[in-house]
Amino acid sequence: MIRIVLADDHAIVREGLKRILSTVPDFQVVGEAADGTQVLQVARQTDFDLLLLDLSMPGRSGMELIRLVKTEKPRVRILVLSMHQETQYAVRAIKSGASGYLTKESASAELEQALRKIAAGGAYVSADVAQQLALGAMPGNEAAPHEALSPREFEVFRQLVLGASVTEIAHTLNLSVKTVSTHKTHLMDKLGVHNPAELVRYAIRHGLSDAAQP
């Protein structure tokens, strides 16, 4: 039996996933979480094998949450289920400790296959993501500026290009406005941009264009 925890802030998505998983005899959903705090609570209190994790949830989320879960439960395998199709998100997720990356658009067709492969100790990524990971491991390949962002800076970057204000980001990520402002300053320095328009252009230029969609 493969014990699975579902983490998504939309109840209708969790219900849909449960319906898909209920058709597989050896899959068992043993827990649910609607935000980053609940994910960590479930990780500490529940025995499970695999976490199906939305990349964007209130509170702690994204790459930071992947790292925290792996710290709490090193043996747990993580499959990221995300709305983001760009390979850069998948590459960062894998580097943070996830074992696979699946877009919500393709979940209904590929979910069982992805979960089985990951539960068996493998990885599940697209050919493009595999290529990016391989290229990044080759000597002499210079990393793009956004790859130097910390997990929290990347989360703030993503929210900024979505058009969120510093105050809104502070509320979403459960941080102080001062902390978010500091992250904003640091990430803009690292990316070499000076205003929101340049930030969006950077996202588009570096294959992070879906972050700029509403």
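Colleague: Is Lys 190 buried, partly exposed or exposed?
Modeller: Lys 190 counts as partly exposed, because its relative accessibility is 38%. This is a predicted model, by the way.

Colleague: Which residue does Lys 190 form a salt bridge with?
Modeller: The general idea is that side chains of opposite charge can pair when their charged atoms come close. Here the partner of Lys 190 is Glu 153, with the closest N and O atoms 2.7 Å apart. Glu 153 is buried, at a relative accessible area of 5%.

Colleague: How many salt bridges does a search of the whole structure find?
Modeller: Twelve. Among them is the one between Arg 116 and Asp 26, at 2.7 Å from N to O. That pair links helix α5 to the loop between α1 and β2, 90 residues apart. Arg 116 is partly exposed at 32% relative accessible area, and Asp 26 is partly exposed at 27%.

Colleague: And the helices: at what angle do α3 and α4 pack?
Modeller: Two packed helices are described by the angle between their axes and the distance between the axes. For α3 and α4 the angle is about 20 degrees and the axes are 9 Å apart, which means that α3 runs roughly parallel to α4. Their crossing is right-handed. On the α3 side, Met 63, Ile 66 and Arg 67 make the contact; on the α4 side, Tyr 89, Arg 92, Ala 93 and Ser 96 do.

Note on methods. Residues are numbered from 1 along each chain as its sequence is written. This is a predicted model: local features need pLDDT of at least 70, side-chain atom pairs count only at pLDDT 80 or more; totals for chains, interfaces and linings use all residues. Side-chain values use heavy atoms; hydrogens and water are left out. Axes are lines fitted to C-alpha atoms, for helices over the stretch in contact, and angles run from 0 to 180 degrees between N-to-C directions. Helices (H or I, at least four residues) and strands (E, at least two) are DSSP runs, numbered from the N terminus. Angles under 35 degrees count as roughly parallel, over 145 as roughly antiparallel, 65 to 115 as roughly perpendicular and the rest as oblique. A crossing is left-handed if the near helix is turned anticlockwise from the far one by less than a right angle, and right-handed if clockwise. Contact means heavy atoms within 4.5 Å. A salt bridge is a side-chain nitrogen of Lys or Arg within 4 Å of a carboxyl oxygen of Asp or Glu. Buried means under 20% relative accessible area, exposed over 50%, partly exposed in between (1.4 Å probe, protein chains only).
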